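Please keep the sequence and the 3D view at hand while reading.

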Amino acid sequence: MPTQIVVAGAVIVGSTVLIAQRRRPPELAGLWELPGGKVMPGESEPAALVRELAEELGLDAAAIMVGERLGADVVLNPQMTLRAYQVSLKCGEPRPDDHQALRWVTAVELRDVDWVPADRAWLADLARAL
């Protein structure tokens, strides 16, 4: 049983998904990921994802709608498990507050992205969602 859940959001608008370029840690800096973060004690996974996306992307929490799970859990280590959810935005334009850069990519472009290793597990699921 993992002691820490990390949630990632596949923010989908039209036929594109938002990806974020990591600033840190050094071994992941420059790689791309689905934005998100850790679930705090007593917080639901969707609530954590809304909070993290609002903090990291400068979005209004009320504009973020968390939908269905995307793909399978990814075990990061014995203590941490990563879970992805599909997310829609009602309004607002994301800003790279916590990242080097943001990009919108299509299903065709997914395989050309230099992903963090964990997020590669969802490429087929992302392509289907788009």
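Predicted model: local features only at pLDDT ≥ 70, side-chain atom pairs only at ≥ 80, totals over all residues.

Gly 71 is partly exposed, with a relative accessible area of 30%, where buried means under 20% relative accessible area, exposed over 50%, and partly exposed in between, for a 1.4 Å probe and protein chains only. This residue, Gly 71, lies in strand β5, which covers residues 64-77; helices (H or I, at least four residues) and strands (E, at least two) are DSSP runs numbered from the N terminus. Leaving out residues up to four places away in sequence, Gly 71 touches Trp 122 and Asp 125, a contact being heavy atoms within 4.5 Å.

Residues are numbered from 1 along each chain as its sequence is written, and side-chain values use heavy atoms, with hydrogens and water left out.

Turning to the whole chain, the protein has 2 helices and 7 strands, and along the sequence these follow the pattern β-β-β-β-α-β-β-β-α. Its radius of gyration is 13 Å, close to the 14 Å that the globule rule gives for 130 residues, so the protein is as compact as a globular protein of that length; the radius is taken over C-alpha atoms, and the rule is 2.2 Å times the number of residues to the power 0.38. The C-alpha trace spans about 35 × 30 × 30 Å along its principal axes. Of the 130 residues, 44% are buried, and among contacts with a separation of 6 or more, 66% are between residues 24 or more positions apart.

| Residue | Strand | Relative accessible area |
|---|---|---|
| Ala 10 | β1 | 0% |
| Gln 21 | β2 | 15% |
| Glu 33 | β3 | 10% |

Ala 10 touches Val 17, Leu 34, Leu 70, Tyr 85, Gln 86, Val 87 and Leu 126, when residues up to four places away in sequence are not counted. Although Ala 10 and Ala 121 are 111 residues apart along the chain, their C-alpha atoms are separated by 13 Å.

For Gln 21, a polar atom of the side chain lies 2.9 Å from the backbone oxygen of Gly 30. Apart from its neighbours within four places in sequence, Gln 21 is in contact with residues including Leu 31, Trp 32 and His 99.

The side chain of Glu 33 makes polar contacts with the side chain of Arg 22, at 3.0 Å, and with the side chain of His 99, at 3.1 Å. A polar contact is a pair of N or O atoms within 3.5 Å; within protein, one must be able to donate a hydrogen and the other to accept it, and residues adjacent in sequence count only if both atoms are side-chain atoms. Beyond four places in sequence, Glu 33 also touches several other residues, among them Ile 19, Trp 115 and Asp 119.

One further detail concerns the backbone. Most peptide bonds are trans. A cis peptide bond, however, joins Arg 24 and Pro 25, with omega about -5°, and Pro 25 is found in the loop between β2 and β3.
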